[in-house]
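Me: I have a structure open and want to talk it through. Can we start with a side chain and work outwards?

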Amino acid sequence: MISLVLGLIAWLIPASIIIQAKKRKLKIPFIMLLLSMGACGIALWCQISYNNYLVQIQDWTALMDTTSTLNWVSAVLLIVTIVLNSISAMMIYKPLISD
């Protein structure tokens with residue numbers, strides 16, 4: 001559950017930066033991008049830790065049932081987070097470069 005919340009936070013932070021960049025009301029945007037990537041990393045770590053727990057208790061059925069879906073969801077989380085943070089960074093730093 002915590003990984004789902006952290007994944008949503010990882011997506012909501014750059015989305016809020018994109019919205020604020022249009023209004024030009026940005027406060028510490030670079031730290032926000034770092035927080036977004038950190039939330040994504042911690043969410044992925046939580047999933048890896050859960051898989052480790054399943055191995056330790058030798059629940060092979062649960063591990064086999066969840067591994068393929070976890071692999072796909074982790075890839076989506078990482079790719080969408082990188083894309084959103086890239087768009088946010090371009091919106092933040094483009095006016096600074098063009099000036």
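Predicted model: local features only at pLDDT ≥ 70, side-chain atom pairs only at ≥ 80, totals over all residues.

Me: Where does Ser88 sit?

Reply: Ser88 is part of helix α3.

Me: Is Ser88 buried or exposed?

Reply: Ser88 counts as buried, because its relative accessibility is 0% and the cut-off for buried is under 20%.

Me: And what does Ser88 touch, not counting residues up to four places away in sequence?

Reply: Ser88 touches Pro14, Ile17, Ile18 and Leu33.

Me: What about Ser86, where is that one?

Reply: Ser86 also lies in helix α3. With a relative accessibility of 36%, Ser86 counts as partly exposed. From Ser86 to Pro14 the C-alpha distance is 8.8 Å, though 72 residues separate the two in sequence.

Me: Step back a bit. How many helices and strands does the chain have?

Reply: The chain has three helices and zero strands, in the order α-α-α along the sequence.

Me: What share of the chain is buried?

Reply: Of its 99 residues, 29% count as buried. As for contacts with a separation of 6 or more, 75% are between residues 24 or more positions apart.

Me: Which residues make up the largest nonpolar core?

Reply: That core has seven residues: Leu6, Ala10, Ala39, Cys40, Ala43, Leu44 and Leu77. Two or more of them come from each of α1 and α2, and α2 gives the most, with four residues. As background, nonpolar side chains tend to be buried together in soluble globular proteins.

Me: Pick Cys40. What is it in contact with, leaving aside neighbours within four places in sequence?

Reply: Cys40 is in contact with Ala10, Leu77, Leu78 and Thr81. Of these, Ala10 and Leu77 belong to the core along with Cys40.

Me: What lines the largest pocket?

Reply: The lining has 19 residues, and Ser3, Leu4, Gln47, Leu70 and Val73 are the ones nearest the pocket centre. Each of α1 (2-23), α2 (29-56) and α3 (60-98) supplies at least two lining residues. The most come from α3, which gives eight residues.

Me: How many of the lining residues are nonpolar, polar and charged?

Reply: The lining has 13 nonpolar residues, six polar and no charged.

Me: You listed Ser3 and Gln47 there. What does the side chain of Ser3 make with the side chain of Gln47?

Reply: The two side chains make a polar contact at 2.5 Å. Ser3 is found in helix α1. Leaving aside neighbours within four places in sequence, Ser3 is in contact with Ala43, Cys46 and Gln47, and Ala43 is also one of the core residues.

Me: Why does Ser3 count as buried?

Reply: Because its relative accessible area is 13%, and buried means under 20%.

Me: Last one. Which residue has a positive phi although it is not a glycine?

Reply: Gln58, with a phi of about 55°. Gln58 lies in the loop between α2 and α3.

Me: Is Gln58 buried or exposed?

Reply: Gln58 is exposed, because its relative accessible area is 54% and exposed means over 50%.

Note on methods: Residues numbered from 1 in each chain as written. Heavy atoms only, no water. 1 Å grid on protein atoms, 1.4 Å probe; cavity = no way out; pocket = protein on both sides within 12 Å on 5 of 7 lines; lining within 4 Å. Nonpolar A, V, L, I, M, F, W, Y, C, P; charged D, E, K, R; others polar. Core = buried A, V, L, I, M, F, W, Y, C linked by side-chain atoms within 4.5 Å. Buried < 20%, exposed > 50% of the residue type's maximum accessible area, 1.4 Å probe, protein only. Contact = heavy atoms within 4.5 Å. Polar contact = N/O pair within 3.5 Å; in protein donor to acceptor, adjacent residues only side chain to side chain.
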